[in-house]
Amino acid sequence: MANASGFFSPTLPSLRRRIPSPIVIYRSGFCSPVGIYRRVLCSSTTEGAEKLGSGVSPSESRVPRIVSKGCKLVGCGSAIPNFRITNDDLAKVVETSDEWISVRTGIRERLVLTGQESLTALAAEAAKKALQMAEVDPDDVDLVLLCTSTPEDLFGSAPQIPKALGCKRYPLAFDITAACSGFILGLHSAACYIRGGGFKNVLVIGADALSRYVDWTDRSTCILFGDAAGAVLVQACDSEEDGLFGFDLHSDGDGQRHLNASMRENKVDQALGSNGSVLGFPPKQVSYSCIQMNGNEVFRFAVRCVPQAIESALKMAGLTGSSIDWLLLHQANQRILDAVATRLEVPSERVISNLAKYGNTSAASIPLALDEYVRSGKVQSGHTIAAAGFGAGLTWGSVVVRWG
């Protein structure tokens with residue numbers, strides 16, 4: 001079963017009767033019996049396949065055992081659109097000004113996709129850069145997690161990423177939908193797949209194009225959002241090198257009324273004819289509304305819940321706020337970043353922020369900012385980062401990681 005601050009393996013009564021196994025508890029909160037099994041039957045990368053090749057009978061190797069593994073972040077990348085919209089540009093569309101926007105949000109400009117650009121292409125570009133930094137071949141990727149709430153296909157865009165990267169081994173790829181919290185949930189999922197599934201290289205990509213769901217005549221929302229993609233490669237390592245220390249994850253459906261883009265029926269009635277047909281069939285076509293947000297409520301939610309989540313993850317990791325090198329929050333509003341940093345007593349020079357240039361890029365904001373700070377040399381190998389995402393759902397979560 002799963003809880004909010006870690007992953008607990010499912011109970012397997014039949015296996016436990018045969019294999020009494022001690023429990024191992026990792027720093028990240030992952031608990032597993034040492035004898036629990038990893039990977040699917042017949043996978044060529046499992047211990048079972050290796051034993052089978054060396055002459056072990058099939059009955060002994062059908063379900064290989066898990067090996068205690070850690071995981072670490074070894075590469076990052078990002079990609080942004082070409083079209084830039086400044087606050088002055090927005091002032092020509094809605095009643096606002098650069099001063100009004102920057103004072104209230106900290107945002108000065110944002111980038112949005114045009115008709116010639118694709119979010120999937122941005123995600124693939126960010127993933128390619130992460131693999132290049134990690135010096136990992138695309139065919140060595142075992143899993144792709146695309147954290148997005150704006151896929152370009154109703155059924156998900158993740159499988160297009162391995163295709164774009166040229167992967168020939170057909171790795172598993174699927175979407176994670178949690179808006180601005182998506183990337184944090186993706187990191188947690190990657191850790192679970194590595195520790196509980198035997199995966200070695202997991203690409204976690206945050207990519208969103210919320211500009212496609214913004215009402216550009218509503219100054220309360222159109223000033224906030226931009227588009228981007230960011231990625232990290234999470235890699236299996238020895239448990240002594242484990243770099244994912246603690247998690248804390250939550251959701252509250254009651255808060256959905258404060259931030260949503262709900263499904264709605266189109267107005268055209270497509271009912272069958274009146275001769276014996278049933279009204280309401282076939283169903284009306286549906287679409288999604290523009291983003292609806294109660295900014296004051298979302299602000300109060302963030303400054304209340306995010307510090308608590310970070311403190312819980314730090315406690316799990318056995319660390320304090322003063323022991324982290326960087327605080328990396330979802331880039332939603334500079335006032336939220338400042339308020340959370342003050343609550344945690346983290347000095348401003350250790351707070352990662354690139355909000356002014358990109359605005360709120362949803363699931364992309366954390367990996368985009370991380371990539372920028374890594375490539376600038378500010379975030380270095382061995383640095384400890386407390387990161388948190390928060391937003392639609394409402395969902396929120398935190399993770400404490402070591403870079404490199």
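Reply: Let us begin with contact, a term that means heavy atoms within 4.5 Å. Residues are numbered from 1 along each chain as its sequence is written, and side-chain values use heavy atoms, with hydrogens and water left out. This is a predicted model, in which local features need pLDDT of at least 70 and side-chain atom pairs count only at pLDDT 80 or more, while totals for chains, interfaces and linings use all residues.

Me: With which residues is Thr221 in contact, leaving aside its neighbours within four places in sequence?

Reply: Thr221 is in contact with Val214, Asp215, Ile291 and Met293. Thr221 itself is found in helix 9, residues 219-222. Helices (H or I, at least four residues) and strands (E, at least two) are DSSP runs, numbered from the N terminus.

Me: Is Thr221 buried or exposed?

Reply: Buried means under 20% relative accessible area, exposed means over 50%, and partly exposed lies in between, with a 1.4 Å probe and protein chains only. Thr221 has 1% relative accessibility and therefore counts as buried. Cys147, at a relative accessible area of 0%, is buried too, whereas Cys290 is partly exposed at 26%.

Me: How many disulfides does the structure hold?

Reply: A disulfide is a pair of cysteine sulfur atoms within 2.5 Å. The structure holds zero disulfides.

Me: How many helices and strands are there in the chain?

Reply: The chain has 13 helices and 20 strands. It is 404 residues in length, and 51% of them count as buried. Among contacts with a separation of 6 or more, 74% come from residues 24 or more positions apart.

Me: In what order do the five strands of the open sheet stand?

Reply: Strands of a sheet pair through backbone hydrogen bonds, either parallel or antiparallel. Two strands are taken to pair if DSSP finds at least two bridges between them. Here the order is 5-11-10-8-9, and the pairing is mixed. Strand 5 (70-79) and strand 9 (172-176) stand at the edges with a single partner strand each, so one side of each is left without a neighbour in the sheet. From one strand to the next, the twist averages 20°. For such angles, axes are lines fitted to C-alpha atoms, for helices over the stretch in contact, and angles run from 0 to 180 degrees between N-to-C directions.

Me: Which strands pair in the antiparallel sense, and which in the parallel sense?

Reply: Strand 5 and strand 11 (residues 227-237) are antiparallel over nine bridges, and Cys71 has Ala236 of strand 11 as its bridge partner. Strand 10 and strand 11 also pair in the antiparallel sense, over nine bridges, with Ala207 opposite Ala229 in strand 11.

Me: Why is strand 10 described as largely enclosed by the rest of the structure?

Reply: Nine of the nine residues of strand 10 are buried, so this strand is largely enclosed. Both of its faces are covered, with Leu203 and Ile205 among the residues on one side and Val202 and Val204 among those on the other. In strand 8, five of five residues are buried: Leu143, Leu145 and Cys147 point one way, and Val144 and Leu146 the other way.

Me: Which strands does helix 6 lie across?

Reply: Helix 6 (residues 119-134) lies across strand 5, strand 8 (143-147), strand 10 (201-209) and strand 11, at about 130° to strand 5. Helix 13 (residues 365-375) lies across strand 5, strand 10 and strand 11, and runs at about 90° to strand 5.

Me: Which residues have the most contacts inside the largest nonpolar core?

Reply: In soluble globular proteins, nonpolar side chains tend to be buried together. A nonpolar core is a set of buried Ala, Val, Leu, Ile, Met, Phe, Trp, Tyr and Cys residues joined through side-chain atoms within 4.5 Å. The largest has 43 residues, and those with the most contacts inside it are Val306, Ile310, Leu327, Leu329, Val340 and Phe390. Helix 10 gives the most to this core, with ten residues. A second, separate core of 37 residues includes Leu143, Leu187, Ile194 and Ala363.
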